[in-house]
Structure formats: structure tokens, C-alpha cells
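Subject: Structure handover

Hello,

Here is the structure we spoke about. My notes on what I found follow below.

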Amino acid sequence: MATVNGQPVKLSELEVAQQALPPQYRNVPLQSVYAALLDRIIDSKLVVSDGRKNKVNDDPAFKKRMAFVEEQVIQDYWLQREIAKKVTPDKMQQRYEERLKSMPSEEEVHARHILVSTEDEAAAKALIAELKKGAAFDKVAKEKSIDKASGAEGGDLGWFKKSDMVKEFADAAFALKKGELTEAPVKTQFGYHVVQVEDRRKAPPPSFEEMSEQIREELAREAITGLLDQLRSAAKIERFNLDGSKVDPAAAKPPAAGGATPAPQPPK
């Protein structure tokens, strides 16, 4: 890909460097970050070469830092390998199916609304009377609703769960049967709503694709916890206080999940 004072820069180096970028850049085509990444590697090689020329690797502080970095790389690499054994497509699918069994089936409604500023006869109440006389809901919504986004769609809000909307609106919408219209305007922080329910259904469960990242992280955390439990049970661990005195073993239990010291995170 380049040479720096005769030293080659290989494609494999760019591929490794891309995986160290922020998450939003890791899965984009290499070509889209190629020029900037290559410049970064060239700069890095120049700085590294200069550091070696000045014998930075002989500095005791450097050696301590290098040892720490090596431990971090070993930790991340080994955890990644162990996680790969536990987080397989079959196990992810199995966890997904288990999760579906424990999920309550939520109800959804498909509704339209017209939003106006006032409740009086000239606004929300007048619209209800007009709709009851046979006016087309979508036509009235396009003409009168101050919610321009849904108004452009004839007031259509699509499918939603009760928790998706403000309480007053949700309570009114979920009290209606298919095809029913609110008898009175529904007041919320946004104004006065006229609501009509188009249909009702049981919400479809989330797809495997929607839950796959959450399941992957869950299985990865379980794999790390299991590995640490195994390693701790086989290890002899002694702790000491800042003053050098020995810690009472009964008080030296590792922090529980959510404690002050986090467990290693699953490598990305």
C-alpha cells in the first residue's frame, strides 16, 4: 500500500487498523476510509521509527507501559477466542426462541388522528361532528390537522403500542374498537386530538435480526462471567491494603455485577 523509508505498509495492517476505529467506521468498505487510514499509518511508522532511533524502548517507564499494553492485548484476544466458542449462530437462535417464549404478547392499534389547538365548537368538537356526518377522516386531517407530518398522511399514525404514546392519547385510542371514533376531544400536552382506530392486533414479536446484537452481547457477558468464575476458583489470590497489610479473605470477595469495578467487556 506504501513504503516509509523502505519499510512496507501492507493491506493487512490497514485491515487491523480499521478494526481499532470507532464503531461507525469498522464495517464500512475499506475504500471509504483508505486514504485517511493510510496517512495515519504512515505518520505512525514515522513516529515509531523516530522513537526507536532515540531508544525509547530502553526507558523503564516505556517497558512498564508496554507490559501493561501486552496484557490488555492478550486479555482482549483470549476473550474474543473464548467468546467465539460460546456465541455461535445455533446458541443465538436458541436464546432468541427462549426469549420469545417469555415475552408477553402486546396489543397494538393502527390509528389516525387530527390535532387542533382548541376544544370548542369551532375546532375539535366541530371536527367530530363533521366526521360523524360522513366526512372522510383522511381528507379532514390533511386540511385541518396542525400535526403536519401525520396530516400529510391523512392523520395516519401507523401501528403503535400503548407505551409508545402519551398516556391520555394512548388510553383513549386503546379504549376504541376497530372503526370507532372518539366521542370527545382528547386533551394532551400537544393540544386536542380527534382519534379514529383503523384496526387492532397482537404485536408481532421482534425479529431475530432486531434482537441479535442484544443476544450476542448477553451471551458474551455470560461467557466472560463463566470464564472468570472458573479461573478464580482454580487460582490462589491474596489481596493487600494500600498500607501493605493483608486483606481479610472474608472481605476480599469480588464486586458483584454493577459494582465499582467492572468486569472485562466483550471485545467488539
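A polar contact here is a pair of N or O atoms within 3.5 Å; within protein, one of them must be able to donate a hydrogen and the other to accept it. Please keep in mind that this is a predicted model.

By that definition, the side chains of His193 and Thr188 are joined by a polar contact of 2.7 Å. The His193 side chain also makes a polar contact with the side chain of His113, at 3.0 Å. His193 belongs to strand E6, residues 191-202. Its relative accessible area is 4%, and because that is under 20%, His193 counts as buried. Sequence neighbours within four places aside, the residues in contact with His193 include Ile114, Leu115, Phe169 and Val186.

The largest nonpolar core has 13 residues, and those touching the most other members are Ile114, Val116, Leu127, Leu131, Phe137, Leu181 and Val194. Strand E3 (107-116), helix H6 (124-132), helix H7 (137-144) and E6 each give two or more residues to this core. H6 gives the most, with four residues. Leu131 is in contact with Ile114, Ala136, Phe137, Val140, Leu181 and Val194, again leaving aside neighbours within four places in sequence. Another core, of twelve residues, lies apart from this one; Ile83, Met211, Ile224 and Leu227 are among its members.

On the surface, Phe68, Val69 and Val73 form a nonpolar patch with about 280 Å² of accessible area together. Phe68 sits in helix H4, residues 60-86. With a relative accessible area of 52%, Phe68 is exposed, because the cut-off is over 50%.

Regards

Key: Residues numbered from 1 in each chain as written. Predicted model: local features only at pLDDT ≥ 70, side-chain atom pairs only at ≥ 80, totals over all residues. Heavy atoms only, no water. Patch = residues over 30% accessible without salt bridge, like charges linked within 9 Å, V, L, I, M, F, W, Y side chains within 5 Å. Areas by Shrake-Rupley, 256 points an atom, 1.4 Å probe, with all protein chains shown as cover. Salt bridge = Lys/Arg side-chain N within 4 Å of Asp/Glu carboxyl O. Buried < 20%, exposed > 50% of the residue type's maximum accessible area, 1.4 Å probe, protein only. Contact = heavy atoms within 4.5 Å. Core = buried A, V, L, I, M, F, W, Y, C linked by side-chain atoms within 4.5 Å.
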